[in-house]
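Student: Could we go through this structure together, taking the ligand surroundings and then the charged pairs, with the reasoning spelled out at each step?

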Amino acid sequence: MTAPGASSEVRASPGAVTPRPLLLSGNEAIARGAREAGVRVAAGYPGTPSTEILETLVRLDPGRQVYVEWSTNEKVGLDVALGAAIGGARALCAMKHVGLNVAADTFMTSAYTGVRAGLVVVSADDPGMHSSQNEQDNRVLVRFAGVPLLEPADSQEARDFTVHAFDLSERFDVPVVLRTTTRVSHARGIVAPGPLRVAPGLGFQRNPAKLVMLPGFARSRHRVMLERLEALEREAETSPLNRIEWGDRALGVVTSSIVYHYVRELVPGASVLRLGFSHPLPRALAREFAAGVERLIVVEELEPFLEEQLRALGLAVEGKAYFPRDGELGPEAIRRGFVRAGVIAEAGEKPLVSPPTVTRPPVLCPGCPHVAPYLALRQIGAVVSGDIGCYTLAAIEPLAAMDTTVAMGSSIGMAIGLARSGGATGPVVATIGDSTFLHAGLPALADAAYHRTRMTVLILDNGTTAMTGGQAHPAAGVTIRGDAAPTIDLPAVCRALGVEFVRVVDPYDLAQTQLALEQAAAFPGLSVIITNRPCVEAPVKVRDQPYTVLAEQCIACQYCMNLGCPSITWSAEWHEGRRKVQIDPVTCTGCTVCAQTCPTEAMVGLPGWSKPR
Amino acid sequence: MMKEGGSVLLVGVGGQGVVLASAIVAETALRAGWDVKQSEVHGMSQRGGVVSSHLRFGQRVYSPLVEIGQADAVVAMEWNEGLRAMPYLRRGAPLIINLQRVIPPGACRNRLSGESTYPALALEALADQVGDVRACDAGEIAREVGSAKALNAVLLGVLAPVMPFPEEAWLASLADHAPKGTSAANELAFLAGQALRYPDETHAQAARAALSPNGLHGQARPPRLEVIEAWCKGRACEICVRACPEWCLAIDGSAAVRVVRPEACTGCRLCELLCPDFAIEVHTA
Ligand SMILES: Cc1ncc(C[n+]2csc(CCOP(=O)(O)OP(=O)(O)O)c2C)c(N)n1
Ligand code: SF4
Ligand code: SF4
């Protein structure tokens, strides 16, 4: 393996001709590292910012030497990877931070069983919630589980640490967590790659006392885990992933992950203890560093994870007094913190101030099949228990047709509770995407059917996992490699669970959709409605004859704008003091839904259009 | 300052090619022998959100993020996003901005007044504040050279003179990243951007662009709804309740329709037009 921190080795000199190294994102570098470490099985569930890891693995493996799958959910993914490792094959499991909650049951106990072949669990955290429902700091979960934690700060380290993680995992017989953040996963940097390989299989070895977690066996394995932690701490003390960079002794900064890079730029003279192998904490190294500096400050994103452990050692340490515990810790926030701490002076010049501008929240695509069902739900005054996916965007204006969203798959269980609460102000409807339904919705639907709860479940089947960029799932009929796969007959599954009212509707037919929802709401039991139009963006772009507005016919009621379709905006013409509307023919996908809302039939297919080949 | 390296921020909206443009700049820096880091936020941009890409190059780059007030250039593919990114500019650094406006649905929400919140194309005022503004209608220039999609290549052409990279490096990475069959058009677009002179040519373009509708201003005339209760059939009908685009009306236990959100009525008259019993009248000023 390349020495950790090797990014300094690939120093480039301006002007000189250098051999072409690779410019990789952190996620691509992890996939690269896994291939270089000889990974044989990789599983996971999509989730920003982790998704590209498995997608890159597939790209790096045209010869199909690695088994790669999109699992049904993160728990299944981790089970697959753990099983592979126990079977002697190096395995990787990638997920976003909240995915580790789903996989936590397996995760916690895998620290007892150990692994045999190397097992690396990638947790991609999302401080600042660029695209997540919370910003939990998974370092806390990793410490709770009692497994080692590696935190790369850039693409080169993402590659190096992945290779190192497999080795560590095998040497200590323990799953190793590689934690990135959005900035590490999605930032690109130069990477010096090594050769790809497939590690030899170590084979399965029967050992029930180690692998069957009956209480009697688990008790001794818990002790093994605790002893292993001590050995891991000794390893961390001398690990090349942890290092002291001595500078000015007046200030010592303890830091990890990408924050290290910001610190290096903002206080270039300071002494730095940089922890790449941050759990278990190398306590002797920390003490040595603390003893060598006059003032000790921890700069870390989210939780005071290192700070509290250092304080528990009796060290005088500062940190969260200056740096926020929420949000992404970028250069601006770190500068403010150091200014507050009196370490550096305020920046001289005030930045420019923008004139008033508009924000640009994400919206559902033109022609998105999720739009009409939510307009219909708003029309029938439903209490909507929402879920996580593109359709969560229906919660904001103008559709504004979702009342709750908490975690993947929660919509159905929460709808049961809402229905049983007696407090709902309208028919209770759970709305859930197809990928999310398979991920965690199925057990809840079984519960609703089992207890004959009176409510409606709307499954928005667009054939893909759209929110994360259009990944396949078990009902999509295709695998991550693009191979044909068996599909799942969702209506049949619902019937098999005991649902009596199951209906499939075309979400581009507004009247049919609304009628079906009204009938479902009137049904005295559990009802399921399934929509059947594909996402217009993935796996294929759906483009039909665009629509246009006959301006002389438009009475500017703007009903169509309630859809929130980004192709529809105000035109320069007025009618009785209101703006007429226009359709952008370039972005309109021709779904026809707006035309169905128009009371004057002013919206028609664009004349002279022919399907581009 | 560019001797030791530099920082560029590229911004735009989903689908405009921010990420591709940024990859081209990164690759160009790499070819010119610099260390490079680049960070973009994409997540939800596929669905019409903002895309921004931070790019830094130098002898040895630590942070992949450009700090506020530290960008040596901001390249904006869209007008509103360019204005939003202004705080990132180092004082005196150029704002390279496309005159294209992508108006989000959220900017057209006040239906009563018809007033849009989208910022006007006020180029002179922007130049007064920023100093070095290099604005152009990149879409128009790209169309002139034969490929409307090459607007990001035009803007990279505008950026090129500000960056310490040789032209060969630019052209090579441009060719490397151009989709199949478009590399000639991309090169032409790049050269056209590079040849632009400021501010004369671009201000003429801005004046032309400003003629097309935006910065929509409106007129507020709050209407008044009158329900003739005796004529309304109530629950049996509900046509108006379903027809109102603003959800102003409701029949909840009441015998006749009630106006529940009078302030939201825009006076579109749909309820009046569709009521089979002439039970609603809309009075506008
Ligand atoms: C536990 C967990 N895993 C993954 C994600 C990331 N994620 C957000 S939405 C989504 C899936 C959406 O797919 P689907 O339900 O089919 O809805 P669509 O986006 O296609 O409308 C995923 C995987 C998450 N938020 N939480
Ligand atoms: S990506 Fe697909 S599911 Fe998501 S908003 Fe667009 S059309 Fe809808
Ligand atoms: S047909 Fe109407 S609703 Fe559908 S994409 Fe076009 S403008 Fe939008």
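Student: Which helix gives the largest share of the shell around ligand 1?

Tutor: In this predicted model, helix H4 (99-102) and helix H17 (434-450) of chain A each supply at least two residues of the shell around ligand 1. The largest share amounts to three residues, and the helix that provides it is H17(A).

Student: Between which domains of chain A does ligand 1 lie?

Tutor: The shell around ligand 1 comprises 10 nonpolar, 12 polar and three charged residues. Residues of this shell come from two domains of chain A, so ligand 1 lies between domain 1 (15-238) and domain 3 (371-532).

Student: How much of the area that ligand 1 exposes when taken alone is buried by the protein?

Tutor: Among the polar contacts, a nitrogen atom of ligand 1 is 2.6 Å from an N or O atom in the side chain of Glu74(A), while an oxygen atom of ligand 1 lies 2.7 Å from a polar side-chain atom of Asp434(A). The backbone also takes part, with an N or O atom of Met467(A) lying 2.9 Å from an oxygen atom of ligand 1. Taken alone, ligand 1 exposes 590 Å², and the share of this that the protein buries is 97%.

Student: Turning to the charged pairs, how many residues apart in sequence are the parts that Glu328(A) and Arg183(A) tie together?

Tutor: Glu328(A) and Arg183(A) form a salt bridge in which the closest N and O atoms are 2.6 Å apart. Glu328(A) sits in the loop between helix H13 (305-312) and helix H14 (331-340) of chain A, whereas Arg183(A) belongs to helix H8 (residues 182-186), so the parts tied together are apart in sequence by 145 residues.

Student: Which strand of chain A holds Glu245(A), the partner of Arg264(A)?

Tutor: Glu245(A) and Arg264(A) form a salt bridge, with the closest N and O atoms 2.3 Å apart. The pair links distant parts of the chain, 19 residues apart, with Arg264(A) in helix H11 (residues 259-266) and Glu245(A) in strand S9 (residues 242-245).

Methods. Residues are numbered from 1 along each chain as its sequence is written. Chains are lettered from A and ligands numbered from 1 in the order in which they are written. This is a predicted model: local features need pLDDT of at least 70, side-chain atom pairs count only at pLDDT 80 or more; totals for chains, interfaces and linings use all residues. Side-chain values use heavy atoms; hydrogens and water are left out. A polar contact is a pair of N or O atoms within 3.5 Å; within protein, one must be able to donate a hydrogen and the other to accept it, and residues adjacent in sequence count only if both atoms are side-chain atoms. Accessible areas come from the Shrake-Rupley method with a 1.4 Å probe; for residues, only the protein chains shown count as cover. Helices (H or I, at least four residues) and strands (E, at least two) are DSSP runs, numbered from the N terminus. Ala, Val, Leu, Ile, Met, Phe, Trp, Tyr, Cys and Pro count as nonpolar, Asp, Glu, Lys and Arg as charged, and the others, Gly among them, as polar. Domain bounds come from an automatic or database domain assignment. A salt bridge is a side-chain nitrogen of Lys or Arg within 4 Å of a carboxyl oxygen of Asp or Glu.
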